[in-house]
Amino acid sequence: MKTAELLNYTRDQWVAGSGQRAAIASAIDGSLVATTGSGGIDFGAMLVHARNVGGPALRKLTFHDRARIIKGRGLAILSAKEELYALNIATGATRKDGWIDIEGGAGTLLSFSSKGRRELPDAHVLLDGDLEPLSKGGSFVGQHIYTPLQGAAVHINAFNFPVWGMLEKLAPTLLAGMPAIVKPASSTAYLCEAAFRIMIDTGLLPDGAVQLIVGGVGDLFDHLIGQDVVSFTGSATTALKLKSHPVVLRESVKFVAEQDSLNASLLGPDAAPGTPEFDLFVTEVVTEMTVKAGQKCTAIRRAMAPAAHLDALEAAIAARLASVAGDMGALVSTSQRDDVRGQINKLTAAGARIVSGDPAAHVGPDGGAYMQPILLRADDPWAADAVHDVEAFGPVATIMPYRDLADAIALANRGMGSLALSLFTNDPAAARDFIQGASAFHGRMLVINRDNAAESTGHGSPLPVLVHGGPGRAGGSEEMGGVRGVKHYMQRTAIQSTPAMIAAIAQQYIPGGPKRFVNGHPFRKHMRELHIGDTLRTAARTVSIADIEHFAGFTGDNFYAHMDEEAAKASPIFAGRVAHGYLILSFAAGLFVDPDPGPVLANTGLENLRFLTPLYPGDSMRVELTVRSKALKTDDTGVVRWAVEIFNQKDELVATYDLLTENLP
Ligand code: NAP
């Protein structure tokens with residue numbers, strides 16, 4: 001492989017760092033893969049460029065525009081994936097390991113793109129919660145909103161997933177509308193740089209939206225301001241150093257930390273040898289030890305089992321390791337392997353003993369960073385503090401016994417905060433007690449049994465739609481988790497004003513806000529002809545006792561409140577028989593629907609339905625149907641969200657809901 005001279009991407013230019021360059025060696029045989037350096041880079045100017053050029057350009061786009069860009073970048077990575085797989089080899093990763101990094105990374109972009117288009121508005125502002133009434137007359141209300149932070153997001157990534165690690169942070173950041181400066185770990189920066197280059201070559205990103213530093217970050221932290229965010233993944237030691245930087249503290253720079261954690265997996269009290277859960281547990285522990293040579297922040301480091309089953313567990317894991325160890329890749333570097341060996345020494349010094357594998361065994365080609373997987377056993381886990389505290393970031397796990405569920409919970413929590421925990425049990429009561437006892441210490445927990453194992457995504461896989469992170473030792477932060485992850489790059493602000501002002505700010509109709517009563521039926525209009533606030537006011541119809549009885553007979557819904565005058569009167573809610581809620585909805589549709597084929601293709605659902613005032617026989621009802629928001633789904637279809645408000649003859653609100661329709665653009 002040709003040695004690559006890695007370049008920084010600063011202020012929309014590829015730039016070689018000046019001065020001394022660091023050498024990156026192949027994990028396979030120690031040969032020189034790349035050189036890297038960021039000498040001479042003006043880091044302060046990079047931040048200014050992100051804030052002044054990238055940020056404004058991204059904020060001009062809506063969430064949906066940005067979601068489409070993210071999708072384009074994901075597809076570009078997928079179409080150039082073989083180029084990345086070729087580089088992946090030198091990191092020591094197998095093709096299977098690389099799949100998680102490369103295709104998992106691209107998949108994360110695609111997932112955020114589709115979440116963004118489904119769950120975020122085609123607008124610049126994201127609402128948080130409902131309108132808060134603040135006055136009797138309704139003219140003064142409150143609404144929380146999210147808008148993008150106006151600084152730069154500095155992403156500092158760990159070496160183990162150079163592509164995924166970059167993309168899982170970029171997706172929510174760019175979707176939020178914030179520019180990013182990416183700093184990959186040096187030892188695998190060549191793979192990150194290649195993926196970054198593919199994204200730049202798409203031409204989809206506005207200037208200043210992303211920049212790359214290959215090498216040290218120099219004085220970058222000295223130039224941070226309160227609108228910036230640092231999102232860090234790596235060791236607890238580096239995290240502590242960076243989050244206690246005086247400028248981070250002084251400026252209250254938001255700091256997201258994903259750091260090491262001593263993740264546990266537990267064999268349930270019911271999962272004796274011979275049960276499917278026992279076998280599944282053995283497989284999972286071995287998978288977590290060997291995938292990516294155990295260099296995963298979420299890998300199982302502590303495997304806990306009922307004391308009576310520990311011998312059987314040890315034998316089963318050792319046998320399985322012997323059969324799969326040959327398929328395992330290398331660690332990222334020989335220095336990482338030295339580090340892992342040093343950590344194993346700390347574990348054995350604390351009382352754990354090696355029961356499978358030899359850390360010093362020579363494996364693979366000379367110069368390579370291979371090692372055998374190492375299984376340790378701690379028979380007294382309360383006496384061996386190090387097994388809950390020392391992370392050997394390689395193919396290393398410790399098995400340990402627990403006495404009962406309370407002991408297991410205490411041992412799991414002894415890790416003082418983990419990213420992921422798995423529990424192998426077929427006993428719902430054990431699962432309930434364990435999760436309730438341990439969830440405060442864990443970011444993600446899986447309960448695996450015979451019914452879900454085949455479809456389980458596994459202990460060690462963070463997913464874009466679920467939160468990744470954990471309390472305490474794990475960093476005390478969260479990332480991903482779908483739209484939750486986007487909000488880390490936005491500011492929540494409480495806005496107080498009239499409903500009309502709030503509607504203008506939020507770029508959507510808000511109940512109580514201004515309506516525009518339009519001529520012509522909105523169902524005859526394409527999405528582009530509909531405007532937020534356009535309202536159809538229908539004629540009124542009276543609801544009779546015959547209507548109610550007909551509906552009851554037709555549907556079989558003879559609930560007392562509709563059919564039994566005495567009982568209805570006796571209830572604390574009604575003054576007599578009332579119309580069915582479903583009858584009101586059906587009559588509402590009858591009032592506002594325009595029947596002929598046209599730009600409205602289908603009703604795809606109702607949301608937020610509330611029945612507010614009973615409708616009695618003889619009352620009348622009418623509907624106001626208002627365009628609340630609209631968003632394109634594809635080039636050919638979109639979704640219109642309509643606010644439906646049903647009033648009685650006294651203009652009291654009978655019912656409200658959001659109607660969703662699929663429309664032609
Ligand atoms: P690390 O040594 O802490 O490095 C992490 C990142 O910080 C690298 O990009 C590194 O760059 C950078 N860095 C180091 N010192 C810095 C400084 N003074 N200023 C700015 N940046 C600095 O961790 P690692 O060895 O790469 O990764 C392994 C650790 O990460 C393990 O402990 C693992 O558990 C943890 N990890 C956690 C997660 C998670 O999501 N929670 C994921 C993966 C890994 P250089 O490489 O250039 O030094």
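A cavity, on a 1 Å grid over the protein atoms alone, is a set of points where a 1.4 Å probe fits but cannot get out, while a pocket is an open set with protein on both sides within 12 Å along at least five of seven lines; lining residues have an atom within 4 Å of a point. Grid points are joined across faces, edges and corners, and a volume is the space filled by probe spheres set on the points.

Before you start clicking, note that this is a predicted model, in which local features need pLDDT of at least 70, side-chain atom pairs count only at pLDDT 80 or more, and totals for chains, interfaces and linings use all residues. Residues are numbered from 1 along each chain as its sequence is written, and side-chain values use heavy atoms, with hydrogens and water left out.

**Stop 1: the domains**

Colour three selections: 4–215 + 223–238 for domain 1, 263–474 for domain 2 and 515–663 for domain 3. These bounds come from an automatic or database domain assignment. Between the C-alpha centres of domain 2 and domain 3 there are 55 Å.

**Stop 2: the cavities**

Searching the whole structure turns up 4 cavities of 30 Å³ or more. The largest cavity holds about 50 Å³ of space. Strand 17 (residues 396–402) contributes the most to the lining of the largest cavity, with 3 residues. Helices (H or I, at least four residues) and strands (E, at least two) are DSSP runs, numbered from the N terminus.

**Stop 3: the second largest pocket**

Now move to the second largest pocket, with about 720 Å³ of space. Of its 33 lining residues, F232, T233, G234, S235 and T238 are the closest to the centre. Strand 11 (229–233), helix 7 (236–243) and helix 11 (334–349) are the elements that give two or more residues to this lining. Which element gives the largest share of the lining? Helix 7 does, with 5 residues. In all, the lining of this pocket has 12 nonpolar, 13 polar and 8 charged residues. The second largest pocket lies between domain 1 and domain 2, because both give residues to its lining.

**Stop 4: a sheet with a helix on it**

Two strands pair if DSSP finds at least two bridges between them. Strand 7 (residues 141–148) is joined to strand 22 by 8 antiparallel bridges. Look there for Q143, which stands opposite I495 in strand 22.

**Stop 5: strands 23, 24 and 27**

Strand 23 (residues 516–517) and strand 24 (residues 534–537) run parallel, joined by 2 bridges. Select R516 to find D534 of strand 24 opposite. Strand 24 also has 3 bridges to strand 27 (residues 620–632), this time antiparallel. There R537 faces E624 in strand 27.

**Stop 6: back near the start of the numbering**

Finish with the open sheet of 3 strands in the order 1-5-4, where pairing is mixed. Strand 1 (4–5) and strand 4 (22–25) are its edges, each with a single partner strand, so one side of each is left without a neighbour in the sheet. Strand 4 pairs with strand 5 (residues 32–36) over 4 antiparallel bridges, and the bridge partner of A22 in strand 5 is T36.

Note on methods
Ala, Val, Leu, Ile, Met, Phe, Trp, Tyr, Cys and Pro count as nonpolar, Asp, Glu, Lys and Arg as charged, and the others, Gly among them, as polar.
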